[in-house]
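Good morning, and thank you for joining this group meeting.

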Amino acid sequence: MKNVTIIGAGKIGGAIARMLAETGDYTVTVADRSAEQLAKLDSHPAVSARELDISDAAALDAALSGQFAVLSAAPFHLTGAIAESAARTGTHYLDLTEDVATTRKVEELARGAASAFIPQCGLAPGFISIVAHDLTKHFDTLDTVRMRVGALPQYPSNALNYNLTWSTDGLINEYIEPCEAIVEGKLSVVPAMEEREEFSLDGVTYEAFNTSGGLGTLAKTLEGRVRTMNYRTIRYPGHQAIIKALLNDFNLKNRRDVLKDLFENALPATMQDVVVVFVTVCGWKEGRYLQETYANKVYAGVVAGKKMSAIQITTAAGICTVLDLLADGTLPQAGFVRQEEIDLPSFLANRFGRVYDPEVMKVAKAG
């Protein structure tokens, strides 16, 4: 039994706790400053709740001391403090952040650390980087890497064609912050919400546009080896135009609190969602210019005996898989670990990573 602490008792934190506890291999403490949030956690003998204000460094250090790992499911602006505490206490650290600045801070803390620091363990960044890096191994020389991910309602019913499915703060952050991309072989910064495109998958038309954080560390890993590389978020057509009007014409990019209030009071949450993953890599192999594509849809279903949304399933499964691979010694036990260092077959063979297998989820959904 390994003792782990999850910071953040929201929907994703709760899903992670449930998945880990059901294995019988982990004892889980979920920490949050909100007693109300902690009270919503599913009751389980392997899960305990702890009220904790992470701004209290001493209390945070005390909570992490003696733990095998800490998993941050907290808002991105709080994650840095958790990483600092993990460094002080020698605790393995994993997070779900899409925030570029936070990941840079984690990388700095990992230098010379006695424990492993593994940021961006969710869906995008996270699984998307593992898939893309695996595809690049099939080529002698790379040309383009295009990564697309979206968490969407199955039944859109408003002008934005969108429902809230994950962190509102994280959503706003990726819509506003600059985006990394490789353009003509060089790591570059491109604006969020731009470079819109359309594509179809299984007869459904989608749009995609630049958002921040999705490339993770893969951009640095492949810089100089690929001509073009970018990450874009998938939405139903019409979403981007309205969001751009809110951000720019109404200047809500400089009033995030107002934008958050609008989203949370006008866009209902839903458990009936679908996660779309679409990765295309082009390059040369044995003298021929070829393309390989990974396309997958993950729907809401039953995992660990509980109905979960698709974004809960994919995000929680991502970080739980990485924790398992760390616990069994597959991953480095100290220093900074990038998502692209994780082997895709090992990920998909894992008891948590199996949820990314469409056949597995069909059975769960039917059940």
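Predicted model: local features only at pLDDT ≥ 70, side-chain atom pairs only at ≥ 80, totals over all residues.

**Contacts, sheet and backbone**

I begin with R148 and E197, whose side chains meet in a salt bridge with an N to O distance of 2.5 Å. A salt bridge here is a side-chain nitrogen of Lys or Arg within 4 Å of a carboxyl oxygen of Asp or Glu. R148 belongs to strand β7 (residues 141-153) and E197 to strand β10 (residues 197-201), so this pair ties together parts that are 49 residues apart in sequence. Helices (H or I, at least four residues) and strands (E, at least two) are DSSP runs, numbered from the N terminus.

Residues are numbered from 1 along each chain as its sequence is written, and side-chain values use heavy atoms, with hydrogens and water left out.

Are the two partners buried or exposed, or something in between? R148 is buried, with a relative accessible area of 2%, whereas E197 is partly exposed at 22%. Buried means under 20% relative accessible area, exposed means over 50%, and partly exposed lies in between, using a 1.4 Å probe and protein chains only.

How many salt bridges does the structure hold? There are 20. Another of them joins E177 and R256, with the closest N and O atoms 2.5 Å apart. This pair links distant parts of the chain, 79 residues apart: E177 is in the loop between α7 (168-176) and β8 (179-183), and R256 is in helix α10 (residues 256-266). E177 is partly exposed, with a relative accessible area of 27%, and R256 is partly exposed, with 29%.

R351 and D324 also meet through their side chains in a salt bridge, at 2.7 Å from N to O. R351 lies in the loop between α12 (344-349) and α13 (358-366), and D324 in helix α11 (residues 310-327), so the pair ties together parts that are 27 residues apart in sequence. Of these two, R351 is partly exposed at 39%, but D324 is buried at 8%. Salt bridges that share partners also join R148, E195, E197 and R232 into one network.

Let us turn to the sheet. In what order do its strands run? An open sheet is formed by 7 strands in the order β3-β2-β1-β4-β5-β6-β17, with parallel pairing. Two strands pair if DSSP finds at least two bridges between them. The edge strands, β3 (47-51) and β17 (335-336), each pair on one side only. Helix α1 (residues 11-23) packs on the sheet and touches β1, β2 (26-32), β3 and β4; its direction makes about 165° with that of β2. Contact means heavy atoms within 4.5 Å. Axes are lines fitted to C-alpha atoms, for helices over the stretch in contact, and angles run from 0 to 180 degrees between N-to-C directions. Within the sheet, strand β1 (residues 2-7) and strand β4 (residues 69-72) pair in the parallel sense over 4 bridges, and I6 stands opposite L71 in β4.

Next come the aromatic rings. A search of the whole structure finds 10 aromatic pairs. In one of them, the ring centres of F127 and F347 are 5.2 Å apart and the planes are at 45°, so the pair is tilted. Rings of Phe, Tyr and Trp (its six-membered ring) pair if their centres lie within 6.5 Å; planes under 30 degrees apart count as stacked, over 60 as edge-to-face and the rest as tilted. F127 is in helix α6 (residues 127-136) and F347 in helix α12, 220 residues apart, and both residues are buried. Ring pairs link F127, Y294, F347 and Y356 into a cluster.

I close with the backbone. Which residues does a cis peptide bond join? It joins A124 and P125, with omega about 5°, and P125 lies in the loop between β6 (116-118) and α6. E184 has a phi near 50°, a positive value in a residue other than glycine. E184 sits in the loop between β8 and β9 (186-190) and counts as exposed, at 56% relative accessibility.
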